Amino acid sequence: MYQIRLLPQELTFFVRDDETLLCAAHRAGVAFPHRCLVGACATCLCRKLSGEVAYQLAPMLTEKEQAAGWIFPCLAMARSDLVLLLE
Ligand code: FES
């Protein structure tokens with residue numbers, strides 16, 4: 001179980017290591033934008049300011065985008081506590 005801090009909303013919720021960040025957000029009642037749930041629409045796209053995530057399927061993000069912190073919460077699973085920026 002990892003802790004997610006969501007900015008700038010300053011919300012905190014917890015995620016299991018076998019669920020996506022988006023699932024955890026919805027379970028916690030956090031209104032996280034989404035549409036496709038498969039990493040295709042970019043509606044859920046947000047930036048990881050700190051921490052580590054893993055994907056079961058490689059996300060459609062370039063290495064440069066991933067290096068800049070962009071993640072797809074509908075696919076990403078936490079591998080540490082995270083700080084995310086959702087604008
Ligand atoms: S909900 Fe479409 S990319 Fe995440």
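Reader: Why is E10 called partly exposed in this predicted model?

Author: E10 has a relative accessibility of 48%, and since the class of partly exposed residues runs between under 20% for buried and over 50% for exposed, E10 counts as partly exposed. The residue is found in the loop between β1 and β2.

Reader: What makes the phi of E10 worth a remark?

Author: Most residues other than glycine have a negative phi. E10 is not a glycine, and yet its phi is positive, at about 60 degrees. A42, in the loop between α1 and β3 (46-50), also has a positive phi, near 70 degrees, in a residue other than glycine.

Reader: How do you know that the peptide bond from L7 to P8 is cis?

Author: The omega of that bond is near 0 degrees, and the bond from L7 to P8 is accordingly described as cis. Most peptide bonds are trans. P8 is found in the loop between β1 (2-7) and β2.

Reader: Why is T20 called buried, and what does its side chain reach?

Author: T20 has a relative accessible area of 16%, and because buried means under 20%, T20 is buried. Its side chain reaches the backbone nitrogen of C23 at 3.1 Å, which lies within the 3.5 Å set for a polar contact. T20 is found in the loop between β2 (11-15) and α1 (21-27), and, leaving aside neighbours within four places in sequence, T20 is in contact with residues including V15, P73 and M77.

Reader: What makes the pair of D18 and R16 a salt bridge?

Author: The side chains of D18 and R16 meet at 3.3 Å, N to O, and because the limit is 4 Å between a side-chain nitrogen of Lys or Arg and a carboxyl oxygen of Asp or Glu, the pair counts as a salt bridge. D18 is exposed at 56% relative accessibility, whereas R16 is partly exposed at 38%.

Reader: What does E19 pair with, and why is E19 called buried?

Author: E19 forms a salt bridge with R16 at 3.6 Å, N to O, and another with R27 at 2.4 Å, N to O. The relative accessibility of E19 is 7%, and because this is under 20%, E19 counts as buried. Salt bridges that share partners join R16, D18, E19 and R27 into one network.

Key. Residues numbered from 1 in each chain as written. Predicted model: local features only at pLDDT ≥ 70, side-chain atom pairs only at ≥ 80, totals over all residues. Heavy atoms only, no water. Helix = DSSP H or I, 4+ residues; strand = E, 2+ residues; numbered from the N terminus. Buried < 20%, exposed > 50% of the residue type's maximum accessible area, 1.4 Å probe, protein only. Polar contact = N/O pair within 3.5 Å; in protein donor to acceptor, adjacent residues only side chain to side chain. Contact = heavy atoms within 4.5 Å.
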